[in-house]
Amino acid sequence: MADIHSDDLKTTPLHALHIELGGKMVPFAGYDMPVQYPLGVLGEHLHTRAKAGLFDVSHMGQAFLIGPDHDTTAGALEALVPGDMRGLGLGQQRYTVLLTDEGGIIDDLMVTRSTSEDDDGRLMLVVNAARKDVDYAHIKSRLPDGVRLETRDDRALLALQGPMAADVLGRHCPQAAGLSFMEAASGTFDGIDLHLSRSGYTGEDGYEISVAADKAEDVARALLAHEEVEPIGLGARDSLRLEAGLCLYGSDIDETTSPVEAAIAWVIPKHRREAGDFPGAERILKELADGPARKRVGILPEGKAPARAHTEIHAGGTVVGEITSGGFGPTADGPVAMGYVAAEHAKPGTDLDLMVRGKPRPAKVAKMPFAPHRYAK
């Protein structure tokens, strides 16, 4: 995407603010986005772990699945994903995956049910920027009569992440403190209507804030006025999620990988496994029963040099897999990576060799996350 001229890129409602803050802009998923600010990737990463970081994630897709009642809408979504959507309570959020008929992952997404019974029959979806057009087309093509998808390009999405996020947001939004991890609510921020969930992509406590596009800058400036808050770019977003052991679509998961291979089979509850009524169930249930041929694992390279994506993984002189995400973990204070290896090499502690510039570098399979999750309970 590096050859795309900036005039061809979409911008978020905070684009002018990124420029004002000294953001280094790069093309990402068709958008002109900040990869870092003057603080730098390392400083931004450590600041988020210590205090609170503000991320612009308005490039993500926001949409509503709308039907006559919750059971109908949730049932329509359950035909596309392996999760429990009917069981979503008021104000609950759930992570799930859209599946191909062969059991591959079209995208991973967040699904939220409103706290208001007046919104019964509406589910909020947040999908990845690079996949939203694919996702929307796939969902629309498979909806039953009476259920429709409404995309919301008129809304921005911010993420406030870090151990001080709750305190900072609570000064403006009284509804923030009452939420636990993966709960959501409507609220007001200094009189501005918004929707917030206690979730994020860093392993830290924090919130994702959906707000009307024309109010996003007001919210962002108010949060950045606190000394605890710094703007955070895509570079630190990636290193934070890697340390947290979280998948990046297009790198760690795609239409060739199943939830079982990706080590996220926990998205499939017992009753969905027993019913086998989701796309790709034949492959996925077989992998659950017999084990997959390959597994996503954490990997700790020896030394200080990081192993990047597409690095070959060897064991006993044979190729057994490939790194899908890798870099330096500031909190882990060393290189961290994840990738897929043949199942017989997936046990933590297994010795591996990473082929970097034609030379083997020792590494070991490691448990994830590399930095402890600190979600609010």
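Helices (H or I, at least four residues) and strands (E, at least two) are taken here as DSSP runs, numbered from the N terminus. The model is a predicted one: local features need pLDDT of at least 70, side-chain atom pairs count only at pLDDT 80 or more, and totals for chains, interfaces and linings use all residues. Residues are numbered from 1 along each chain as its sequence is written, and side-chain values use heavy atoms, with hydrogens and water left out.

Now to the holes. A cavity is a set of points, on a 1 Å grid over the protein atoms alone, where a 1.4 Å probe fits but cannot get out, and its lining residues have an atom within 4 Å of a point. Grid points are joined across faces, edges and corners, and a volume is the space filled by probe spheres set on the points. Three cavities of 30 Å³ or more turn up. The largest holds about 70 Å³, and its lining includes Leu14, His18, Tyr37, Asp56 and Pro231. Helix H1 (15-20), strand E3 (52-56) and helix H6 (216-224) each give two or more residues to that lining, with E3 giving the most, at three.

The second largest cavity comes in at about 60 Å³. Strand E7 (122-127), strand E11 (192-197) and strand E12 (206-212) each put at least two residues into its lining, and E11 has the largest share with three. Among the lining residues are Gln93, Met124, His195, Glu208 and Ser210.

Five of its six residues are buried, so E11 is largely enclosed by the rest of the structure; buried means under 20% relative accessible area and exposed over 50%, with partly exposed in between (1.4 Å probe, protein chains only). Strands count as paired if DSSP finds at least two bridges between them. E11 runs antiparallel to strand E10 (184-189), joined by six bridges, and Ala184 sits opposite Ser197. Two residues separate E10 and E11 in a hairpin, where Asp190 in the turn has a positive phi of about 50°. E12 is also antiparallel to E11, through four bridges, and His195 faces Ser210 in that pair.

Then there is helix H4 (132-141), whose buried residues are Lys132, Asp135, Tyr136, His138 and Ile139. These cover an arc of only 165° around the axis (taken from the directions from the helix axis to the C-beta atoms), which puts them on the same side of H4. Asp133 and Ser141, on the other side, are exposed.

Technical notes:
1 Å grid on protein atoms, 1.4 Å probe; cavity = no way out; pocket = protein on both sides within 12 Å on 5 of 7 lines; lining within 4 Å.
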